[in-house]
Structure formats: structure tokens, C-alpha cells
Amino acid sequence: MKGTGIISGNGDQQRTLVVVFLRGGADGLTLVPPVGNSEYYRVRPTLGVPEGDILKLGDANCGLNPAFSALYDIYKDGCLTVVPAVGSNDDTRSHFYAQDLMEHGGPVAGGWLGRFLRYRDGVPPSALSAIALGKAMPEVLRGAPAATVMESMDTFSLGSQSGPTDRLKEELGMLYGKDESILGPAARDTLQALERVEKLRREDLPPMNGAEYGDNSFSNGLRQAARLIRARVGLEAVSLDLEGWDSHFAQETLITPLMTRLSDGLAAFHRDLGKLMKKVTVVVMTEFGRRVAENSSFGTDHGRGGTMLVMGGTERGNVFGEMPELETGILVGPGDVPVKTDYREVLKPILTQHGAGGSMAEIFPVG
Amino acid sequence: MKQRESDEVSRRHFLRATAGLALFSTSSCERVEDWLGLGPKEGPVVPPSGEGIDLISHVLNRTTFGPTPLEYARVKGLADTEEDAVAAFLDEQLNPDELEDKRAQRAVRRFEAIHAPLAEMYEYKEAFLLEQLTRATLVRATRSKRQLFEIMAHFWSDHLNIDVSKKECRWLKAADDREVVRKHALGKFSDLVRASALSPAMLWYLDGRENRMRDSSEKPNENYARELLELHTLGVGGGYTQKDVMEVARCFSGWTVRDKGRFYKGRVEFHSEAHDDGSKVVLGHEIASGGGEKDLDDVLEIVCEHPSTARHLAEKLCIRFLADEPSKASIDATAKVFSESGGDLCKTLRSVFETDEFLNGARGQKLKRPFEFIVSALRGTRAKVSSEMDLVDYLIRMGHAPFQYPTPDGYPDVASPWTGTLLWRWHFAIALSRNDVSKEIKINQDELIEKAGGVAGLAASLLGRIPSKEELAAMERTGESLALLLASPGFQWR
């Protein structure tokens, strides 16, 4: 029972997909600014990222914001893919509708990550297959066969609120051990997962490989996720949010610290997991990008095309698609970056790698 | 938007105030009833005494959300033999309107939003509506005396699944629950399907509202037509073709639901200019041109009377009440009654309960789904529940929150997809027995044990049989008999 057994429903694959949602509509032109684009500086006189500061991605026509220096190292190691001008076909520019559509994976019921867990190949997911780090269940996990909202490991410990229960676990092990139904093996898996979580809680080991997580809920969430991945409790999907990107006013002071937090958190996670990153993919997404031209209060308004980042897996570091020109004839609506890549086209190959098998039509039923 | 928010705030305040009043009056009413001796009588509780699950416990396991100690004793007292007692109980359950159910009805009345007329549902916040509908569903499952009716409402909610997270289903599902699922749960199958076809929530959920053919450039939306044949009536392999799906979609074109206008939102309408009025052939039946809105009734008659529909429904009912893989004999017998009775659901259910498989087949071999597990634990422990929302957290963790299944096929009704839910079943068992679920959910363990005549008696009333030597020894060793019992393999099955 002890040691190296695999609990995960997706068996030998043991892959984990981490979805980071940047709530509020992160400004794609600041996260991933265009390179060598004079129109950008004409319409963004104060907010344009100076050409010399942009971290260049080979000969791509866009680069990374200097606040992403930690992520830049990961890009250079070939572990980060940058997607400019990506988004959904929602043109309401409403946070609620755009987030909902993107988390559901189209104008359908339930979240795409929830459906992935229900329909992917292999045996049913384990009790700890999906975790939302935070206070509430996100739409993306709606309809999952098992999903837990947690803020700390204590959530799982059996009866932790009122005293020890080793005795109960022992007796449950005995009763289910004699059970010849399909619950017998399920109970053994569950007890093993519990034991591993307990061990994690007791030991509270520091991160590996010298990784240092910042003292904020986003980094702490990633740290918990890394611990659970390492403990092999069957974790297949993680959802966590980084909020506060709705930068209508004084954008630079608002989102620069957020970019640093995002970048440092992901870099610590990457370092912490080390070789395990081969079986882990992190997807960073946001409901929409923002208006190309800045407004008169040094902010930007709701737009269309935004940014996605993909870290880990077996993807080679690169830029997926390209930054469109920012001339009037090319922009959409009131002057927004057009959506050149549908977010689902980024997600589909990743889900395939994570064992979606023949279930893509269930995961993304429309389009 | 601002105006609407302030409207909503004041409405919420008003609701909260009236909800408080209703709650007060409910509890005082119940007390008056008790003083007058009109409350339920507390007879002596004699728990089951067989080594295997006895017939009464078996029938209560399968046709209700789980036995309560009192209900077990009451059913036993209905007749001299177990067989007669069970027959009398099923007679009662198949005539739900004649079963007095004031307590549960009063408890549900406080959820004002779900009783509102369709157009008014839009005045509520969608999260509030879902909360009220979910709580009402839990209250009814736990407290209603019309248990078989509630089981069937549960069954149809899956069979005609609508996920509230799709677009305006957020508001309209509560009306579908009332006007489709609950209205016809034990009625006639064809009435149920017709109500569903014209349910505003269903028109949103399966895109029927977008099915229009204003000119030859438009193609009908086939989504509802396909699910009607594949899931609601004939079933996969029921003998329909892609051509039939397209023809059914043509017949239904023009039916839509208003999505604008304060008083008209949610109203179902037939737009003849968006209807394909040519002739069609559905499953070999010709439907003449010019039928207009009558095409819908023609199609529903053809599909509801199709032999594949009888078979499909018989199989699903047998899976619900008999076994994950019911015998062909049971399915055939049920399908026959379904057909001959014209889809009379009471008669069909009666035939399920008369099968040899139901009366003499394996007992305790259907895995309780998480909702059934939680409700049966509340019923078996006579838990006092004043707020149900903490239960919903557990249901979400186990992937079984009502009205939140993402695809049209509804929550699975067999064991294997649910094996990953043990951890949270154990958590719930321990929390409930320690009164740790929430302040609003309380049980009295000492009283339960005392009334059952000891720990073994409590085990027997929860398991429907006397506990095995191992179970009894394990309970004694833990010192937490109830937690172990509710978490044990024996309590996971019905």
C-alpha cells in the first residue's frame, strides 16, 4: 500500500493541468507588447512599454514585459509558449459574459475542465482529481465528477476538526478490505491518498530545488499545488485565480506588481517541480485584452484579443501566432486587437496531451 | 442597470423579512399541531432483525430516499405480512395526491422565488434562484412523505436534464422543475415530453429557440431534435436515422422563446414565418405540408408511441429501481406495460415493482449516488436541518449538485462513475455524526441509540439488517459507531 503506487484516475499518465485565470481582462499589449511598432507608441504615449525594455522572443514581432524576467528564463529554457491576440468570439466586452463563455468553453453548460475530467479516457477520476485553490468553485470546473475548493491541506484530513481519527481509518480499511464490490479498490486508493496528504501536512517540507514562493495567496496556492502533485494523490486539474487586472485607471501602478507576482509565482512553481514539470502544464488565460489606445486617466478599457501563456508539458518554448498590426483598418470594434487565435485552439492540443482521447467533441461541443 | 440593482436590493430585503415571518409561523404552527396531538405519533422503533436486508427495508431503499426508523415501523404496521405491508405502502406512494404532506409543503413554501410566475423569475438574482431551487429539492427529498414522487422527480431531472449554467436556464429551470418535471412526474409520459418540448428552459438549453427556417438559406438547428430521439424517447440505436433527426428539426422550426421585454421574457411562441411548412417524413410516418404548429404534436405522438421509446424508458426505470444491468425479462415486462398503458407512469412503475427481480432479486446492490447518500443519512439519523446550503458544498465535491450536470444525458445512474466519491462520503459521515457539518444541521446520537435499543439496533435500522460480527466489533472499537456506520460499505448501497 505504501510508497510509489499510482492513485490517479488517469493512471500512468499522472499529468496535471493548472489553469490560472487573470480576472478582470489583462492588457495583452502590456503583458506581451509589440516589437518595432510605431503605432503602438503613438496611441500609448504613457503606457507603451519602451522598446529597449521589452524582453525579445527570437525574431517574433512581440516580446515579454520586463516584469516577466523570471518567466523569460523559462522561455529561454524552452518551457514557455506565448500566445498574442488570443481570445473568444464574445464581443460583449462584459467581464461576466466573457469569463463565463471562456470557462464554459463556448455557449454551453458546465466548464470545459469539468467536462474534460468527466469524459477523458481511462478509469474514473479520484476524489482528489480536481482542486480549486481559493474560496469558491470556478465555472471552469463546473460539472466535474469530483472537485474540491480548498485553501489549505486541512480540507482533506479526515475529521481534522474534532480530534484524531486513525482509529476510524483503520476500521474503514478493514471493512472495505473485505468488500468485494467496486468500492473495495476505490477505498484502498482513497486511504492511500489520505495517508499521503496527512504526510504532507505533518512534514510541511520546504519547496525543492531552492524555489522560493512569495508571501501571497497566488504563490501559496501554487505551492500547495506543487506539494499535491509531488505527493501523487491523483491530482489532474488545478484552478486558481489572480485577480485585479481591470485597469481603467492608472494601469501601470496597478498591474506591474501583478505581473511580477504572476511571473515570480510561476517561476517558483517551475523550479520547485523540476523534472516533474514534464507532466505538468500551466495555462494562463484572461477573459479579454484591452483597448489599443490608452484613455485619459492613464488606463485602458475593455477590448478583445488578449494573451495566453503556456508553461511546461512537452511544448517547446515559442510564440504561437503573431501580433497583428495595430492600424485602424485592422482593429475591431472601438479600436481593439482582433482575435487571431481562438483560445480553444490553444487548449485542445494540451488536453489531448493530458489524455482527452476521443472526447474533444464533448469537451468543446460547439465550434 | 443601477435602477435594477436597487430594485433587487429592496426586493431582497422584503424577501428576507417575509422569509423570517414565514419561518416563524411555520415553526409555531408545527408546535400547535403537536400540542393538539396532530403531529406524527412516535411509536416504538423496532429495527430490522434479519441477517439479510428484509423486504420492507429493500422497498424503502429503492423507492424512497432511505428508510427512517419511524417510517420502517409504520410500514411494518400496515399489514400482517411483509408482502402485504409493502403492497399497501406502494399503493400509497403511487397515489401521492392522497398522501397528506403539509409539513414538507410548508417547509418549501418559504422558498418564494421558485413559486413565482415565469416572467417574475427574471427579477431574482440567478444564484439566489438556484439556491432556493436546490434547497427546496433537498427539503422535499428529506421530508416529503411522497417519497416515490420525489424519486421520480429526481429521475426526470436527469432524463430531461437541463444545466442551470447555460444562458437563461439560470432563471427558467425553476419553472421547468415545477411545470414539467414535478407536474408530470407520475402522470403520462407523452404529457411530460410535450411539456418539456415547450419548456422555455429546454428551448434555451438545447437551442430549440434558434431553430428557424425563414427562407431556404437557413438550416434548422438539430440540437433538440437529436436529443429528443437519442435521449428523451427512442434511445441510441432506437432505429432513427440522421434523416429523421433533420425532419424532426424541420417540424419543430419556428418554436421559440422571447428573450426581450419585461413582461414577455421567457414566453414560448410559435412563429409561423420561421416554420418550415413543407411535407416531412418522420420514422416512416408522413406529415403533410401546411401543418404549422401542429407538426410538433404529430412528431411527439410518433416518438412517444414508438416501441423503442417503451424499451428505452423501461430500461432506464429498471436501472433506477432494479440493477445496473437489469434482466431482459424485467425490461420486456416493463416495456410491455408502458406500451399497453399508453405511457401511464404509475402503471409502468407498478409493473417494475411486481417483477421477480424487484421482489426476489439481489438487495443492496445499487450504489447510492452522492445526493441519495446524503439524504438517506439525514433521514436515517433524523437530522434537524434548518439550512441546506452546507450540504451543497459536499454535493459539489462529489460532483452531484442538483441541476448542474453539464451534458444533456443527466447524471449517470449506475455505480462505476461514482467510486471516486468515497473520501467525501466519509468526511460527511464523520461530520454529521459529530454535529460538525454546520450549526444548522444537528442530530441527537444518544437519543437515536436509545430509541433503537442500542448500537446494534441503530446499525440495523440504517443497514436494513442486523450488523455482521465484523461491523459490530469495528463499531465498538472505534467508539464512533454512527460515523463508522454511515461511512461503511453497507450504508453506501440501497
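Modeller: A salt bridge here is a side-chain nitrogen of Lys or Arg within 4 Å of a carboxyl oxygen of Asp or Glu. This is a predicted model, so local features need pLDDT of at least 70 and side-chain atom pairs count only at pLDDT 80 or more, while totals for chains, interfaces and linings use all residues. Residues are numbered from 1 along each chain as its sequence is written, chains are lettered from A in the order in which they are written, and side-chain values use heavy atoms, with hydrogens and water left out.

Colleague: How many salt bridges are there across the interface of chain A and chain B?

Modeller: The rule finds two. In a salt bridge, Glu171(A) meets Arg477(B) at 2.7 Å, N to O.

Colleague: And how much area is buried between the chains?

Modeller: About 3900 Å², with 66% from carbon and sulfur atoms; that's accessible area (1.4 Å probe) lost on putting the two parts together, summed over both. Leu168(A), Leu175(A) and Leu183(A) supply 14% of what chain A buries against chain B, more than any other three residues.

Colleague: How many residues does each chain put into the contact?

Modeller: Chain A gives 52 and chain B gives 45, contact being heavy atoms within 4.5 Å.

Colleague: Switching topic, what does Trp426(B) touch?

Modeller: Leaving out residues up to four places away in sequence, Trp426(B) touches Ala487(B) plus several chain A residues, among them Leu158(A), Leu172(A), Tyr176(A) and Leu194(A).
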